[in-house]
Amino acid sequence: MLSPRIAHVLKSPGSFTWTVLKQFKKNQGLLLAGAVAYYALLSIVPLLILLVMALSYFVDQALLLSTLGRYLEWLVPGQSRTVIGELHDFLTNSNVVGWVLLVTMLFFSSLAFTVLENAFSVIFLHRIQVKKRRYIVSAVLPYVYILCLGVGVLVVTLASNSLQAIGQDSIVILGHEWGLKGVSGALLYLLGLAGEILVVSSVYIAMPVGRLPWRHALIGGATAAVLWEITRHILAWYFSTLSKVSVVYGSLTTSIIVLFSLEIGATLLLLGAQVISEYERIGLPEPPDVPNPFRETQS
C-alpha cells in the first residue's frame, strides 16, 4: 500500500513540482548554488590531491588518475583531462609538500562541504526549527565525509579496474566468439550512475540537520542524478560544438567552464534537497511566512 505522501505526489505531480520550484525560488536557490559552486571550485583540486596522495599507498597512482579522470568527466564535462593534467603536474613535484601546505589543502578541501551545509540549513529550515546541530559536529563533519569519500574512490577504482579487465576477455557461444568490451563499457557506465546516485544521496543524509530517512535521500539523489545526466550530455555537446567561450575568456576558459558546470550541478543538488524538503512537509501545517534574509528590504 502506498504511503500518503507518495499517493499525494502521484495524484498531483504537477502541483508538487510547482511547489518545489516556488519554494526553491523563495529560498534563493540560484544564489545558494552560486556560493556552493564558488567554494567547490576552490575545493576540488586540493581534495583530489589529498585523495590521490592518500590512496597511492594502496593503489597505483596512474590507475587512480585514470579512474578519477573517467568519473571527473561526469562532474566537469569536457574538462577532466585538463584538471587531471594539473593534478599530475602537482603530484610529480609532491616532494615540496610540507605540513603547512598539507593543512592548507585540507582546509580548502572542506570549504565546499561547509558552505553546502549552510545552504541546506536554508532549504531544511523546518528541521533546524526543531533541532539544531552542535558546532563541533559541523566542524568535524566535512573531514569525516572526505574520509568516507576516499574509501568510496578506492572501492570504485578497484571495481573499475576489474570491469576493464572483463572488457579484454571474450566468451564462446555455439562456436561464435563474443567480445565483452561493450558489456564492460555498459557496466562501467551503470557503476558510475549508481555511484553518482549514492554519493548525492549520502550528501542528503549527512548534511541536513537531524536524521534523514534513506528512502527520502534516495528520492532526492535519484532526482538530482537523472537531471544532471541529461544536463551534462547537453553541456558536453554545447562546449564541443557551439561554444565560443575559449575566444572570449582565453586562458581562463577551463576555470570558467568548470565554474559554470559546478554551478549547474550545485543548482540540481539543491533542487533535489528541495524535493526532499517539500516531500517531508506534505501533510504538515504551512510554516509562518518569515522574511527572507536573502531578499532586499523594499522601502
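**Salt bridges and a nonpolar surface patch**

Trainee: How many salt bridges does a search of the whole structure find?
Mentor: In this predicted model, searching the whole structure turns up 2 salt bridges.

Trainee: OK, which residue does Arg232 pair with, and how far apart are the closest N and O atoms?
Mentor: Arg232 pairs with Glu229 in a salt bridge, and their closest N and O atoms are 2.6 Å apart.

Trainee: And where do Arg232 and Glu229 lie?
Mentor: Both belong to helix α10, which covers residues 214-241, and they are 3 residues apart, or about one turn of the helix.

Trainee: Are those two, Arg232 and Glu229, buried or exposed?
Mentor: Arg232 and Glu229 are both buried.

Trainee: What about Arg281, which partner does it have?
Mentor: Arg281 forms a salt bridge with Glu278, where the closest N and O atoms are 3.7 Å apart.

Trainee: Why does Glu278 count as buried?
Mentor: Glu278 counts as buried because its relative accessible area is 7%, and the cut-off for buried is under 20%.

Trainee: Switching to the surface, which residues form the nonpolar patch?
Mentor: The patch is formed by Tyr38, Leu42, Leu106, Phe107, Phe108 and Tyr143, which together have about 520 Å² of accessible area. The elements that give two or more residues to it are α3 (29-55) and α6 (99-123).

Trainee: Which element gives the largest share?
Mentor: That is α6, with 3 residues.

Trainee: Where is Leu106, then, and why is it called partly exposed?
Mentor: Leu106 sits in helix α6, and it is classed as partly exposed because its relative accessibility is 36%, a value that falls between the 20% limit for buried and the 50% limit for exposed.

Definitions and conventions: Residues numbered from 1 in each chain as written. Predicted model: local features only at pLDDT ≥ 70, side-chain atom pairs only at ≥ 80, totals over all residues. Heavy atoms only, no water. Patch = residues over 30% accessible without salt bridge, like charges linked within 9 Å, V, L, I, M, F, W, Y side chains within 5 Å. Areas by Shrake-Rupley, 256 points an atom, 1.4 Å probe, with all protein chains shown as cover. Salt bridge = Lys/Arg side-chain N within 4 Å of Asp/Glu carboxyl O. Helix = DSSP H or I, 4+ residues; strand = E, 2+ residues; numbered from the N terminus. Buried < 20%, exposed > 50% of the residue type's maximum accessible area, 1.4 Å probe, protein only.
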